[in-house]
Amino acid sequence: MSAAHIDRAPASGWRGWLTAEQPESVFQGRAVQVYLSARRFMANPLAVSGFLIVLLLLFTAAAAPWIATHDPLATNLEMRLLPPSAEHWFGTDHLGRDIYSRIVHGSRVTLTIVFLVSILIGPVGLAAGIVSGYFGGWVDRTLMMVTDIVMAFPRLVLALAFVAVLGPGIENAVIAVALTGWPPYARLARAETLSFRRREFIQAARSQGASPLRILGLYILPLCMPSAIVRLTLDMAGIILIAAGLGFLGLGMQPPTAEWGSMIATGRDYLIDQWWVATLPGAAIFVTCLGFNFLGDGLVDVFDPRQS
Amino acid sequence: MTAAAVDIENLSVRFGAATVVRGVSFSVRPGECVGLVGESGSGKSTILRAIMGLEPVSDGQIVIHGMPPRPDRLTRAGTVQMVFQDPYASLHPRQTIGRILEEPLRIHGIGGREDKVRAALSAVGLPISFRFRFPHQLSGGQRQRVAIARALILEPRVLLLDEPTSALDVSVQAEVLNLLKQLHAERGFSMLFVGHDLGVVAHMCNRVMVLENGILKEELSQQALHAGCAEDPYTRKLLQAARMEAAVVLHVR
């Protein structure tokens, strides 16, 4: 008896329920899909490590006050620029603040920016893209012209100009990043919509009397979502880097709040002798970006329904 | 004398410079099955899509059950439904079969959906448990049955069929055709059946229209088709091709 044969023998219990060829309810049908997707995801070790990193980031941000060892804002000039030790795990900065606690609290700022930017650029880009692709004609030409214009702006420079005009701060940093972030999603969604638009299931929906809004929302949007989510996850790294860049230039979150970019900025004066001041926040940015990228690559596999 | 189920008068469809349908007129009586045959590119599918409102009518008019020429979305959908050629493309890949069958009912705000979906599935000979499956878990023939169930769930008076079996295996083709014939006999809707296989069309339809390059060439009765007597040289060519194909199939068997 071959191993494959054993594999195919009907499994019992919840596992059998989750792998059923013939689901007996809508809920089970969905559960089977989720289970098979999760199994594909788990088969990719890089994706799992990315997922764990992102999970760690979420946990850190949520539990920051409890896992930080010191007050991230408490200065102590007698303790300035101390190397990593048992007392200060990641050392202290030029004002004697505990770097570990500041990195832990800084994750909140990073996550806030990532979250706000995603919920701005994802929906805006998707909406512009599917409307453009589905209706075509002058709607398409106008929307794509706007997209092209926005795409032509140098991203960081526009964000700088924007923050310079509106004043530094996290909200303005978010708006500045989002302003130039949506066009790739519009392009992606438009290209996908164009490929679905003439397909027979859309024609079938039209001949059943479905309104354009229904077709866009219930037929085309669910098909464009997976690639947008993957793209968004892969874009997170870029968003984090821009946010850190703005922080580095003093245009993001304002001191004394802990923010990874501005922490690197303060550390650059001591880069040679007190390497930990700039390097450890930099490592936090690096690991986080890597985590999102791994996760994004893993999601590509998950969202292909015909691979099962 | 009741009004025609579908009355097409001098219909033309143009895409830019290309004229795909040129001044076609014919009508389908209630309960009748009319075939439309012709080579690919002869405009037969375009006529169906124009009736369904999926292509713009450039000239002439289409009257469905005495309705005004441009009925609103829901009225048209409640009266005419269409089964598409490719069952692999006509079902939404991320909707369950149950959801796909419910959609027309939801769009038209019709209640009792659960029961109607069950009835629709059993009418096309599919087990009721299929409603929790996704299209990719079904075979081509099963998918086409779902598409037929979806088209009939609104109880339309006219059913348009765009080569409903050409994407299926030969063995499955007969099953689907017999199902259509049986449903047609039970429910008495009118059918407009597009095909390129004269044998299939002759099996299904009372009358057959022959199209070439968007022009209606000839109308044949079922008897004439079986007897193989056609006036038009193009029709004869089609008949001859069909006979040769049949001969080849017989020979292979």
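## Basis of the model

Residues are numbered from 1 along each chain as its sequence is written, and chains are lettered from A in the order in which they are written. In this predicted model, local features need pLDDT of at least 70 and side-chain atom pairs count only at pLDDT 80 or more, whereas totals for chains, interfaces and linings use all residues; side-chain values use heavy atoms, with hydrogens and water left out.

## Chain A

Chain A contains 14 helices and 0 strands. Helices (H or I, at least four residues) and strands (E, at least two) are DSSP runs, numbered from the N terminus. The C-alpha atoms of chain A fill a box of roughly 75 × 60 × 25 Å along the principal axes.

Of the 308 residues in chain A, 47% count as buried; buried means under 20% relative accessible area, exposed over 50%, and partly exposed in between (1.4 Å probe, protein chains only). Contact means heavy atoms within 4.5 Å. Among contacts in chain A between residues at least 6 apart in sequence, 69% join residues at least 24 apart.

A:Cys224 has a relative accessible area of 1% and is therefore buried, and A:Cys289 is likewise buried at 8%. The whole structure has 0 disulfides over all chains, a disulfide being a pair of cysteine sulfur atoms within 2.5 Å.

## Interface of chains A and B

The contact draws 31 residues from chain A and 34 residues from chain B. Together the two chains bury about 2800 Å², of which 52% is on carbon and sulfur atoms. Buried area is the accessible area (1.4 Å probe) that two parts lose on being put together, summed over both. A:Glu200, A:Ser207 and A:Gln208 supply 24% of the area that chain A buries against chain B, more than any other three residues.

There are 2 salt bridges between the chains, a salt bridge being a side-chain nitrogen of Lys or Arg within 4 Å of a carboxyl oxygen of Asp or Glu. A:Arg198 and B:Glu55 form a salt bridge through their side chains (3.8 Å, N to O). On the side of chain A that touches chain B, α3 (26-42), α11 (200-207) and α12 (212-248) each supply at least two residues. The element that gives the most is α12(A), with 7 residues.

## Salt bridges involving chain B

The structure holds 19 salt bridges over all chains. In one of them, B:Arg14 pairs with B:Asp59, the closest N and O atoms being 3.8 Å apart. This pair links distant parts of the chain, 45 residues apart: B:Arg14 is in strand β1 (residues 6-15) and B:Asp59 in strand β4 (residues 59-64) of chain B. B:Arg14 is partly exposed at 37% relative accessibility, as is B:Asp59 at 40%.

B:Glu55 also forms a salt bridge with B:Arg49, with closest N and O atoms 2.8 Å apart. B:Arg49 is buried at 13% relative accessibility, and B:Glu55 is buried at 10%. Elsewhere, B:Arg29, B:Glu32, B:Arg207 and B:Glu219 are linked in a network of salt bridges.

## The buried lysine B:Lys44

B:Lys44 lies in helix α1 (residues 44-51) of chain B. With a relative accessibility of 4%, B:Lys44 counts as buried. Its side chain reaches the backbone oxygen of B:Glu39 at 3.5 Å. Beyond its neighbours within four places in sequence, B:Lys44 is in contact with residues including B:Leu36, B:Glu163, B:Val194, B:His196 and B:Leu211.

Notes:
Polar contact = N/O pair within 3.5 Å; in protein donor to acceptor, adjacent residues only side chain to side chain.
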